[in-house]
Amino acid sequence: MRWTPSSLVLLLSAVAVACKSEAKKLVEVRACSAITMDAPGAANCLVLQYKWKKKEALAYAQRFQFEQDSIAQFKADSGWRADAVRHSKEVRQCAADPSGDMTGCLLGFGWAEPRARATEDSMWSANGSKHRQEIASCAHRRDMQAGACLQLYYKWSPARAIAVDDSIRRAQMRR
């Protein structure tokens, strides 16, 4: 086989792409991740702009995205722990809120919704025996439904009260 100048250039560029250093690959992954929203988009950018193989591009982009997400979560958690005293004060204040909507109260302090919801659920579970007594008290009333009683007398959130009311009704229908 005879080597022409164009075939020699093609061979050398293929070898250069295959032998990219990790630093060069990281620069390219960062560049593509900066202009896309997710790992598949970054992988597509790597394939189109830097002539990567699709599987390798997706693997690198996913690993890079995972690392970036982990770093961001670590920073957020560190900042959260640094403000622990303030957050415990907010939890106490929202637990005493007469509306009974702890998640909404915590959102008012700037909490992320998943964290606020998890905190409310945790506080709710901690008071489980008290809530069982409230349910028993309201379930025996004949003048109103249990869910309405729980909301009116014990300041339960509508979602929790309706769930208990539905559960009681299902149990009664099975009898």
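Select α2 and α4: their axes come within 10 Å and cross at roughly 75 degrees. Axes here are lines fitted to C-alpha atoms, for helices over the stretch in contact, and angles run from 0 to 180 degrees between N-to-C directions. The two helices, α2 and α4, are therefore roughly perpendicular to each other; angles under 35 degrees count as roughly parallel, over 145 as roughly antiparallel, 65 to 115 as roughly perpendicular and the rest as oblique. The model is predicted, so local features need pLDDT of at least 70 and side-chain atom pairs count only at pLDDT 80 or more, while totals for chains, interfaces and linings use all residues. Residues are numbered from 1 along each chain as its sequence is written, and side-chain values use heavy atoms, with hydrogens and water left out.

Show side chains at this pair. On α2, pick E22, K25, L26, V29, R30 and S33; they meet E56, Y60, A61, R63 and F64 in α4. Contact means heavy atoms within 4.5 Å.

**Whole chain**

Zoom out and colour by secondary structure. The chain has 10 helices and zero strands, and its elements run α-α-α-α-α-α-α-α-α-α from the N terminus on. Helices (H or I, at least four residues) and strands (E, at least two) are DSSP runs, numbered from the N terminus. Of the 175 residues in the chain, 23% are buried. Buried means under 20% relative accessible area, exposed over 50%, and partly exposed in between (1.4 Å probe, protein chains only). Among contacts with a separation of 6 or more, 30% join residues 24 or more positions apart.

**α2 against α3**

The axes of α2 and α3 come within 8 Å and cross at roughly 120 degrees. This pair, α2 and α3, is therefore oblique. The crossing of α2 past α3 is right-handed; a crossing is left-handed if the near helix is turned anticlockwise from the far one by less than a right angle, and right-handed if clockwise. From α2, select E28, V29, A31, C32 and S33, which meet A42, C45, L46 and Y50 in α3.

Not counting residues up to four places away in sequence, C32 touches A42, C45, L46 and Y50.

**The largest nonpolar core**

Which residues make up the largest nonpolar core? Select V29, C32, A39, A42, A43, C45, L46, W52, A57, Y60, A61 and F64, 12 residues in total. The elements that give two or more residues to this core are α2 (22-34), α3 (39-50) and α4 (54-82). Its largest share, five residues, comes from α3. A nonpolar core is a set of buried Ala, Val, Leu, Ile, Met, Phe, Trp, Tyr and Cys residues joined through side-chain atoms within 4.5 Å.

**K51**

Go to the loop between α3 and α4, where K51 is placed. K51 is not a glycine, yet its phi is positive, about 60 degrees. With a relative accessible area of 57%, K51 is exposed.

**α9 and its buried side**

Move to helix α9 (residues 146-154), whose buried residues are A146, G147, C149 and L150. Why do they lie on the same side of α9? They cover an arc of only 160 degrees around the axis, the arc being that of the directions from the helix axis to the C-beta atoms. These buried residues of α9 pack against α8 (128-139) and α10 (158-174).

On the α8 side, select C138, which is in helix α8. C138 counts as buried, at 0% relative accessibility. Leaving aside neighbours within four places in sequence, C138 is in contact with A146, C149, L150 and Y154. For a distance check, take C138 and A148: they are 10 residues apart in sequence and 8.7 Å apart in space, C-alpha to C-alpha.

The axes of α9 and α10 are 7 Å apart, and the helices pack at an angle of about 150 degrees. That makes α9 roughly antiparallel to α10. The passage of α9 across α10 is a right-handed crossing. The contact is made by A146, G147, L150 and Q151 of α9 and P158, A161, V164, D165 and I168 of α10.

**K155**

Finish in the loop between α9 and α10, the place of K155. K155 follows α9 and has a positive phi of about 60 degrees, although it is not a glycine. Its relative accessible area is 46%, so K155 is partly exposed.
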